[in-house]
Amino acid sequence: MTKLKEECAVYGVCGYHNAVNPVVEGLYSLQHRGQEGSGIAVVAPDSQLIVVKKPGLVSDSYGELERRKLAGKVAIGHTRYSTAGGLSLLNPHPFVVNNPPLAGCWNGNIPRPTYDYWRDYLKDKWCDFDTENDGELLVRLLAHRLYSGDDMVAAVRWLFQNVTGAYSGLLLHDGKMYAVRDPLGYRPLVFGDRGKSWVVSSETVGLDIIKARHHQEVQPGELVEFAVGQKPIHYQLAQSDLRRFCIFELIYFARPDSVVFNIPVGHGFRRALGKRMYHQYGCDLDIDVVIPVPDSANDFALGYHEASGVPLGFGLRRNHYVGRTFIEPKKKRAPKVRRKLNPDRAVIAGKRVLIIDDSIVRSTTMLKIVRMLRRNGAKEVHVLIGSPLITHSCYFGVDTPDRDELVAAQNDVDGIRRLIEADTLQYVTIQDLRSTVLDLGAKPDHFCGACFSGDYHPTPVPG
Ligand code: SF4
């Protein structure tokens, strides 16, 4: 996997007086997708592209000074999660090229063989890179096409035809904002309006926070052009019906109050899957309370409770001032598990507990949770997981470990059960996910599940 090891967010506004202000608001709402750094680029009144990049949280980053520097009516922003590259201020997007003037930010990843090929291609043309970030590669490739005489439509069409991978992004060029989504649509991207301005966001919560009206998804293989005072122009530049929406957006990444791939995440997908969990795996379980691992499993547990009648208890309380463990860089992960979750003995003691979580990656977090529950008096601890066994790495924008660190690549379900010291352990199946999205009106074969199956088709990946 190359350097864009992240689950990021992009956000843009076109046609708003001081567009930086709604962009900062939008990035707040998308902070769950990346907490290590952020960046905003704007078309300044003199048509220059200005960029500001900051480490850390959005809330700490854009005071009066930065906002004055970022004056303009068209702006794009990015929140970043990464491992490699650390906190270097070169790594957060947007990336800016001066000749021709172009800024771009992305959510996704270009897998290694493709990344290496096109980086070498540009290096042969004397192109210098500031980072090993594939977001920079995408911007430099587009700049190269524009420099060679393409307009933006031709340049993005070329990108779709030649660069395979996951990329939902925003561009600034020639005073306009462009939204781009790769032909397979791995990562979400939606747009809406707020009066006379246009807003593009990785998730619909980014529209909600500034009271923008939700229009629709940017379609896979689509380029949408936004200019101040004009209606968007849509260019469908790739025609295939093949789709690879990341199912993990619904399971874990997206906020529950978002609508992703036209499916309400919490109240729709997670609750429905929770109900299915009961009917498939819970009918023979004698338990006293169902407890979610907060927050992403809350709606699974709610659905389970609604289907089963088993009391729902918040036996694990989350400290909201600590980041998510899965998307924290590896070195920081272990102590944060203990800081993040606190057991509530009043809910747990003397009970047969069913704990529901969204996934098990390495098993260390779940082992700590099971031990925590037993220390606090749980009589039995049963575990139900809202995703299938994660047996393969993701190359499409999610920082999963190498295969040898994935517990399900090395152990069967009973082996994992023993590792986490649970009384029972059940996972949902790929078929459960397919049935759930089908019931919600989506096409199951439009979803990527490569981390469960190892089937990365049609995108080339390493190995
Ligand atoms: Fe999402 Fe898994 Fe596909 Fe990666 S491999 S895009 S995490 S479903």
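Which residue forms a salt bridge with R318, and how far apart are the closest N and O atoms? In this predicted model, where local features need pLDDT of at least 70 and side-chain atom pairs count only at pLDDT 80 or more, totals for chains, interfaces and linings use all residues. Residues are numbered from 1 along each chain as its sequence is written, and side-chain values use heavy atoms, with hydrogens and water left out.

The partner of R318 is D295, the closest N and O atoms being 2.7 Å apart, where a salt bridge denotes a side-chain nitrogen of Lys or Arg within 4 Å of a carboxyl oxygen of Asp or Glu. This pair links distant parts of the chain, since R318 belongs to strand β18 (residues 316-318) and D295 to the loop between β17 (289-292) and α9 (298-308), 23 residues apart; helices (H or I, at least four residues) and strands (E, at least two) are DSSP runs numbered from the N terminus. D295 is partly exposed, with a relative accessible area of 26%, on a scale where buried means under 20%, exposed over 50% and partly exposed in between (1.4 Å probe, protein chains only).

A search of the whole structure finds 22 salt bridges, among them that between the side chains of R33 and E249, at 2.9 Å from N to O. Because R33 lies in the loop between α1 (20-29) and β2 (37-43) whereas E249 lies in helix α7 (residues 247-253), the pair ties together parts that are 216 residues apart in sequence. R33 is buried at a relative accessible area of 1%, and E249 is buried at 0%; R33, E249, R187 and E203 are linked in a network of salt bridges. A further salt bridge joins D414 to R417, with the closest N and O atoms 2.8 Å apart, and these residues, three apart in helix α14 (residues 413-420), are separated by about one helical turn. D414 is partly exposed at 36% relative accessibility, as is R417 at 21%.

Turning to the strands, six of them form an open, antiparallel sheet in the order β5-β6-β7-β8-β12-β13, two strands being taken as paired if DSSP finds at least two bridges between them. The edge strands, β5 (95-97) and β13 (233-236), each pair on one side only, and the twist averages 20° from one strand to the next, with axes fitted as lines to C-alpha atoms, for helices over the stretch in contact, and angles running from 0 to 180 degrees between N-to-C directions. Within this sheet, β7 (residues 166-173) and β8 (residues 176-181) pair in the antiparallel sense over six bridges, and the bridge partner of L171 in β8 is Y178.
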